[in-house]
Amino acid sequence: MSLINEHQDFSTIADTFLLHGSMQSPAFLDGRLCAELALHDLAPEAWLEEVCLSLGVDQPRDEPSAERLLGWRRQTLEALSAAELNFEPLLPDELFSLPERALGLQEWTLGFLEVVADAGDAMRRSWSPALREALEDLEGLTSIETDIEDSPENEDDLFALTEHARMAAMLLYTEQHPGKPQVEQVDEPTRH
């Protein structure tokens with residue numbers, strides 16, 4: 001089975017970055033990826049080029065690395081367009097400390113908003129008030145406190161902020177791709 005079809009998680013992508021000599025978190029690039037897929041239908045080749053540029057390499061180190069990076073793009077696109085609305089940002093999971101997870105969310109948001117900021121005015125005017133408000137709210141996540149104490153309250157707060165980022169990404173995708181995902185449709189009443 002090809003690696004491109006395996007589930008890619010934060011640690012796997014971070015390890016792939018390490019193989020390329022980069023200690024950076026995948027969260028920032030995942031934020032960019034989500035916004036680019038929503039706004040521009042980012043092609044696989046363009047994604048590989050962007051990741052390689054970010055990692056400071058000309059091309060992926062080997063075939064498995066290329067497959068993982070392409071699998072990351074495919075997995076994100078499938079999740080954004082799925083009727084189940086099960087998209088999740090690629091962020092550090094519960095194996096990481098709460099401060100690391102908060103930093104990951106902050107980095108993801110910075111990457112996402114960097115791409116959104118480049119959207120043209122015409123595109124912005126077509127966005128719903130709900131989407132504009134969600135994106136404005138996301139701007140607050142760029143300055144969240146990341147040096148936080150590990151507590152149930154902070155864990156709950158971080159979960160809620162992550163959920164907001166997740167919903168903003170799905171809302172951007174669905175507004176830019178009418179009819180995708182195909183969510184449950186209410187049947188029109190039959191007229192006699």
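A: Start with the length of helix 3: its twelve residues should span 16 Å at 1.5 Å a residue, and the end C-alpha atoms sit 17 Å apart, so the two agree. The expected span here is 1.5 Å times one less than the number of residues. Helices are DSSP runs (H or I, at least four residues), numbered from the N terminus. Bear in mind that this is a predicted model, where local features need pLDDT of at least 70 and side-chain atom pairs count only at pLDDT 80 or more, while totals for chains, interfaces and linings use all residues. Residues are numbered from 1 along each chain as its sequence is written, and side-chain values use heavy atoms, with hydrogens and water left out.

Now for what is tucked away. Helix 3 has Trp47, Leu48, Glu50, Val51, Cys52 and Leu55 as buried residues; buried means under 20% relative accessible area, exposed over 50%, and partly exposed in between (1.4 Å probe, protein chains only). An α-helix has 3.6 residues a turn, so residues three or four places apart point the same way. The cover over the buried residues of helix 3 includes helix 1, helix 2 and helix 4. Just past the end of helix 3, Gly56 takes a positive phi of about 75°.

Leu48 is a handy one to zoom in on. This helix 3 residue counts as buried at 17% relative accessibility. Leaving aside neighbours within four places in sequence, Leu48 is in contact (heavy atoms within 4.5 Å) with Pro60, Ala66, Leu69 and Leu70. Thr76 is 28 residues from Leu48 in sequence, and their C-alpha atoms are 14 Å apart.

Next, the rings. The whole structure holds four aromatic pairs. Rings of Phe, Tyr and Trp (its six-membered ring) pair if their centres lie within 6.5 Å; planes under 30 degrees apart count as stacked, over 60 as edge-to-face and the rest as tilted. Phe10 is buried at a relative accessible area of 8%, whereas Phe96 is partly exposed at 23%.

Trp47 is in helix 3 and Trp72 in helix 4, 25 residues apart, so to speak a link between distant parts of the chain. Trp47 is buried with a relative accessible area of 0%, and Trp72 counts as buried at 0% relative accessibility. Ring pairs also bring in Phe17, giving a cluster of Phe17, Trp47 and Trp72.

The largest nonpolar core has 48 residues, and Trp72, Trp108 and Phe112 touch the most other members. Such a core is a set of buried Ala, Val, Leu, Ile, Met, Phe, Trp, Tyr and Cys residues joined through side-chain atoms within 4.5 Å. Helix 3 (44-55) is among the helices that each supply at least two residues of this core, including helix 1 (10-19), helix 2 (26-40) and helix 4 (63-81).
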